[in-house]
Amino acid sequence: MLEFRNVTKAFGETVAVNGVSLSFTPGQMVGVIGRSGAGKSTLLRLINRLVSPGHGEIVFEGSNVATLSGRDLRAWRARCAMIFQQFNLVNRLDVLTNVLIGRIGTAHTLPVMLKHFSAADRAAAGLALDRLDLLPQALQRADTLSGGQQQRVAIARALLQNPSLILADEPIASLDPRNARLVMDALRRINRQDRITVICNLHTLDAARAYCDRIVGMAHGRVVFDGTPETLTRSAIQAIYGDEHDDDAVDENLTSTMGASLVARAQPELVAVM
Ligand SMILES: Nc1ncnc2c1ncn2[C@@H]1O[C@H](COP(=O)(O)OP(=O)(O)OP(=O)(O)O)[C@@H](O)[C@H]1O
C-alpha cells in the first residue's frame, strides 16, 4: 500500500501539489488526469523522490519515503520504475543493452557500465523483450525503432527492475493511436499478469477510461476526482478541466480509436480479465 498523507510541494510561489491524501492499493492501474500544470508529473515524481515534498508523508509499507536518503533512497527508486513520454533510451546502444540497464538499481554499477551482464540477466532481458513482442529487434540500435517500439523497450527495461510500482508519465503523448494502444495494452497486461501497481499520467480521457481501474483527477494541485471510470461523469470532468473544457484540454481524437470495443478487438484476453 502506497499512501499520500496531506502532501504539499511548492516550487517558489507555485503550489504544484496541494494537500493531497491518496491511497494506492497494490495491483491497481490508476490513471491521473488533469489540465497542463495541474500537478500530475509532480505527483508521480514525489513517489520516486525525483522531487521531495515540502509537507506531508508518503508512506510505502510502513516507511516514509519522503525521509529516505543514500542507499535506502536508491533501493526505493529501484522499486519504482519510471516510464517517460520521450522513452529515455540510450540511442546508440542496442535494444537488449537498453533493457539490461534496468538492472542498474539492483546490480553493481561497474559491471553494468562495462556491459558485463550475467547469463541470468540476459535471459531475463530476452524474456521481457519477448513479452513486449520485441525479441526480433533485440540487437538493433534503439534509435532505429519506431516511437511505439521504443516505449515498449522502456517498459521491458522497467520490468528488469522487478518493480513494485510502474510510474508512467504521459507514456503515449508522443505516439499515434495504434502505437498508443499497443503501449497501453502492454502496461495493462503487465499490471494484470504481474500484479504491479501502475500509476499513469494521461492526457486522454478515453485512455484512462479504457485501461484504468481508477481515475484520479487533479486541478490546481488538488485531487478533485477519485473514482472508477464509470463514475467519471460530465460534471466530474468539468471539475477537473473547468468550464473552459474543450478539445484542446482533452484530446478526444483517440475516442474513436481507443474505445472499449476496439480494445476488445485488439486484446480479447485483456478484456476478459477487465
Ligand atoms: N521543477 C520545477 N520548478 C518550478 N516549477 C515547477 C517545477 N516542476 C513543476 N513546476 C510547476 O508546478 C506546476 C505543476 O507542474 P506539473 O508538471 O506537475 O503539472 P502537469 O499536470 O504534469 O502538467 P503537464 O501535463 O503540462 O506536464 C506547474 O505550474 C509547473 O510550472
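Modeller: Happy to! Let's begin with Leu 2, which stands opposite Phe 24 in E2. Keep in mind that this is a predicted model. Leu 2 belongs to strand E1 (residues 2–11), and seven bridges hold E1 and E2 in an antiparallel pairing. The two strands are part of an open sheet of four, ordered E2-E1-E4-E5 and paired in the antiparallel sense. At its edges stand E2 and strand E5 (63–64), each with a single partner strand, so one side of each is left without a neighbour in the sheet.

Across this sheet lies helix H1: it covers E1, E2 and strand E4 (55–60), and runs at about 60° to E2. H1 also brings us to the ligand. Strand E2 (14–24) and helix H1 (40–47) each supply at least two residues of the shell around the ligand, and H1 gives the largest share, three residues. The residues around the ligand include Phe 11, Thr 14 and Ala 16, then Gly 34, and also the run Ser 36, Gly 37, Ala 38, Gly 39, Lys 40, Ser 41 and Thr 42.

Now to the other sheet. Six strands form an open sheet with mixed pairing, in the order E6-E7-E8-E3-E9-E10. Strand E6 (80–83) and strand E10 (222–227) are the edge strands, each pairing on one side only. On average, neighbouring strands here are turned by 20° against each other, direction ignored. Helix H7 (residues 177–194) lies across strand E3 (29–34), E7 and E8, at about 155° to E8.

Helix H5 (residues 119–131) has 13 residues and spans 18 Å from its first C-alpha to its last, close to the 18 Å expected at 1.5 Å a residue. Ala 124, Ala 125, Ala 128 and Leu 129 of H5 are buried. Those four cover an arc of only 135° around the axis, which puts them on the same side of H5. Ala 119, Ala 120 and Ala 123, on the other side of H5, are exposed. The cover over the buried residues of H5 includes helix H3 (95–100) and helix H6 (147–160). Just after H5, Asp 133 has a positive phi of about 60°.

H6 itself is mostly covered, with 13 of its 14 residues buried. From first C-alpha to last, H6 reaches 20 Å, close to the 20 Å expected at 1.5 Å a residue.

Let's finish with Glu 230, in the loop between E10 and helix H9 (234–241). Glu 230 counts as exposed because it has 8 C-beta neighbours inside 10 Å. Glu 230 and Ile 215 are 15 residues apart in sequence, and their C-alpha atoms are 9.7 Å apart in space.

Methods:
Residues numbered from 1 in each chain as written. Predicted model: local features only at pLDDT ≥ 70, side-chain atom pairs only at ≥ 80, totals over all residues. Expected span 1.5 Å × (residues − 1). Buried ≥ 20, exposed ≤ 12 C-beta atoms within 10 Å, placed from the backbone. Arc of directions from axis to C-beta. Contact = placed C-beta atoms within 7 Å. Pairing = 2+ DSSP bridges. Axes fitted to C-alpha atoms, helices over the stretch in contact; angles between N-to-C directions. Near = placed C-beta within 6 Å.
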